[in-house]
Amino acid sequence: MTVELTYLSWAALLTALLWMPYIVGLLRNSENMASGYVDPTPPANLPAWVKRANRTHINSVETLTPFAVFVLVLHVTDQHNSMTAMWAMVFFWARVAHAIVYWLAIPYVRTLAFLVALVATLGLFWEVIT
């Protein structure tokens, strides 16, 4: 398996697990979880960290898609090289950092981590089109 596919797999696992803190927070702060099946609106009294955990997961889902597409296109067209490996690694670790600093409510570092992952995604796109 290529480096890019390995990091794609790890990024997918990260995204798959990021819903867990939100659900734990929801369970700890909901009086009746069964009511969520009738009305999916989260309770208004959720702590800020629970809301941030939810946004972290949503943001990870949103950024995984273009990253995955570019990695798969590179793989199918056999265009992977040291640059694509580096961009994949940078994307994954930036997303790990983004999740951590989002949970901890560190605003400027969160934005920086997001932008680093975006640049890595654009770097993969550049490798696809050149």
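The model is predicted, so local features are given only where pLDDT is at least 70 and side-chain atom pairs only at pLDDT 80 or more, while totals for chains, interfaces and linings use all residues. Residues are numbered from 1 along each chain as its sequence is written, and side-chain values use heavy atoms, with hydrogens and water left out.

**Aromatic rings**

Rings of Phe, Tyr and Trp (for Trp, the six-membered ring) are paired if their centres lie within 6.5 Å; planes under 30 degrees apart are called stacked, over 60 edge-to-face, and the rest tilted. By this rule there are 4 aromatic pairs.

Please select Phe 67 and Phe 91 to begin. Their ring centres are 3.9 Å apart and their planes lie at 10°, so this pair is stacked. Phe 67 belongs to helix H4 (residues 48–76) and Phe 91 to helix H5 (residues 82–103), so the pair ties together parts that are 24 residues apart in sequence. Helices here are DSSP runs of H or I with at least four residues, strands are runs of E with at least two, and both are numbered from the N terminus. Phe 67 is buried at 0% relative accessibility, and Phe 91 is buried at 2%. Buried means under 20% relative accessible area, exposed over 50%, and partly exposed in between, with a 1.4 Å probe and protein chains only.

Next, select Phe 70 and Phe 125. With ring centres 5.5 Å apart and planes at 50°, this pair is tilted. The pair links distant parts of the chain, since Phe 70 is in helix H4 and Phe 125 in helix H6 (residues 107–129), 55 residues apart. Phe 70 is buried at a relative accessible area of 18%, whereas Phe 125 is partly exposed at 35%.

A further selection is Tyr 7, Phe 92 and Trp 93, which form one aromatic cluster.

**Trp 19**

Turn now to Trp 19, in helix H2 (residues 19–28). Trp 19 is partly exposed, at 40% relative accessibility. A polar atom of its side chain lies 2.6 Å from the backbone oxygen of Ala 16. Such a polar contact is a pair of N or O atoms within 3.5 Å; within protein, one must be able to donate a hydrogen and the other to accept it, and residues adjacent in sequence count only if both atoms are side-chain atoms.

**Helix H5 and Thr 84**

Select Asn 81 at the start of H5, where one of its side-chain oxygens reaches to within 2.8 Å of the backbone nitrogen of Met 83. The backbone nitrogen of Asn 81 lies 2.7 Å from a polar side-chain atom of Thr 84. Thr 84 is in helix H5 and is buried, at 0% relative accessibility. Leaving aside residues up to four places away in sequence, Thr 84 touches Glu 4, Leu 74, Gln 79, Leu 124 and Glu 127; contact means heavy atoms within 4.5 Å. Just after H5, Ala 105 takes a positive phi of about 60°.

**Helix H6**

Finally, select H6. Which residues are buried in H6? They are Ala 113, Ala 117, Ala 120, Thr 121, Gly 123, Leu 124 and Glu 127. The buried residues of H6 pack against H4 and H5.
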